Amino acid sequence: MPATMTNRRAPGLSGQEIDQLGVVKLIGNTPLVHMHRLSAHLGLPANIQLLLKAEWVNPGGSIKDRTALAIIRDAVDRGRLGHGQTLLDSTSGNTGIAYAMLGAALNLPVTLVVPASASDERKRTLAAYGANLVFSDPFEGSDGAIRLVREMVARVGDDVFFADQYNNPANVGAHVGSTGPEILRQSRGQITHFVAALGTTGTIIGAGSFLKQETGSQIIAVQPDEEFHGIEGLKHLPTAIVPGIFDPAVPDEIVGIGTEDAFAYARLLATTEGLFAGSSTGANVAATARLGASLAELGEPAVIVAIGCDGGSRYLTTGLWDR
Ligand SMILES: Cc1ncc(COP(=O)(O)O)c(C=O)c1O
């Protein structure tokens, strides 16, 4: 176990100190862009608008910057995390990158349990920020990392701050407080459908509950269509450890997308729109295309907003871009 995990509690970090960081000022307020070209390629009528929230524009390259910031801010506000104290969590990669980025700026050691199967880009980025990495079984995916981090937490107790993104309400709060209101404002309240993939489920539960309440939008959750899949960061809920923050009342529908379809739509997004995003974004766009086609058949107008979770360059050494 890394030596940093035994650090004493060292308080003194303030919310103000976090807010003043340059890197924190870059988080959020990401663009919401039209996918006109993709829409035309799919043959959708003009009254079906497809929009993508470009979360890869965040400084850590994914939507999880919001999650990590909210979790760290909440822990600091509650006096549970201070200077020099180790933050520990399991992650499929993106939240880890965000923890590592913020930890570097805040002088917080960060220890992450990551599936050994995570892409090389993720592992190298984590190392660049100086995070300590512990690898879990590559065949057990994010659930293997969850099980291993729980074992570690049981051993080290309160010496570390266990961020627990799968069960931490601050994860949901990140999206109630930022992602949801941004989409409401940027779509001028016109959104009718919200599409987001299931990992920790923070995005769909936080932004989804906010948008449902404010606009009555339909909330569409996206998951891989089978247990063994290649869409990094996502969970197939029927066979996975269900996150404590998941609220089944929020999604109106849970759509299954196959790995090949997710990859195909990530490629289509790159070649039709010039938007270079990862495989979970491909899954969201595949679900959006399917939804757009069925609404067009019914003759119903729609403004569909999908989440663009992370960028395509995070997958250059995976099979995503092989043709
Ligand atoms: C690449 C990627 N896409 C989508 C998600 C899902 O987001 P959430 O955890 O908010 O459900 C994750 C979560 O880790 C992710 O890493």
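Angles under 35 degrees count as roughly parallel, over 145 as roughly antiparallel, 65 to 115 as roughly perpendicular and the rest as oblique. Helices here are DSSP runs of H or I with at least four residues, numbered from the N terminus. Their axes are lines fitted to C-alpha atoms over the stretch in contact, with angles from 0 to 180 degrees between N-to-C directions.

You're looking at a predicted model, where local features need pLDDT of at least 70, side-chain atom pairs count only at pLDDT 80 or more, and totals for chains, interfaces and linings use all residues. Residues are numbered from 1 along each chain as its sequence is written, and side-chain values use heavy atoms, leaving out hydrogens and water.

**Exercise 1.** Work out how H8 and H9 are set against each other.

Step 1: find helix H8 at residues 169–186 and helix H9 at residues 202–215; their axes come within 7 Å and cross at roughly 50°. Step 2: H8 and H9 are therefore oblique to each other. Step 4: check who touches whom, with contact meaning heavy atoms within 4.5 Å. Val 172 and His 175 are among the H8 residues that meet H9, whose side includes Ile 205 and Phe 210. Step 5: sort the contact of H8 with H9 by class, and you get nine nonpolar, nine polar and one charged residues (nonpolar covers Ala, Val, Leu, Ile, Met, Phe, Trp, Tyr, Cys and Pro; charged covers Asp, Glu, Lys and Arg; the others, Gly among them, are polar).

**Exercise 2.** Now do it for H10 and H11.

Step 1: helix H10 (residues 259–273) and helix H11 (residues 279–298) have axes that come within 7 Å and cross at roughly 90°. Step 2: H10 and H11 are therefore roughly perpendicular to each other. Step 3: Phe 263 and Leu 269 are among the H10 residues in the contact, and H11 brings residues including Val 285 and Arg 290. Step 4: the contact of H10 with H11 divides into nine nonpolar, three polar and two charged residues.

**Exercise 3.** Describe how domain 1 and domain 2 meet.

Step 1: an automatic or database assignment gives domain 1 as 3–23 + 64–162 and domain 2 as 27–62 + 172–321. Step 2: over C-alpha atoms, 26 Å separate their centres. Step 3: 23 residues of domain 1 touch 30 residues of domain 2. Step 4: the two domains bury about 2000 Å² between them, 46% of it on carbon and sulfur atoms (accessible area lost on being put together, with a 1.4 Å probe, summed over both). Step 5: in domain 1, Asp 65, Arg 66 and Glu 121 lose the most area to domain 2, together 36% of what that side buries.

Key
Helix = DSSP H or I, 4+ residues; strand = E, 2+ residues; numbered from the N terminus.
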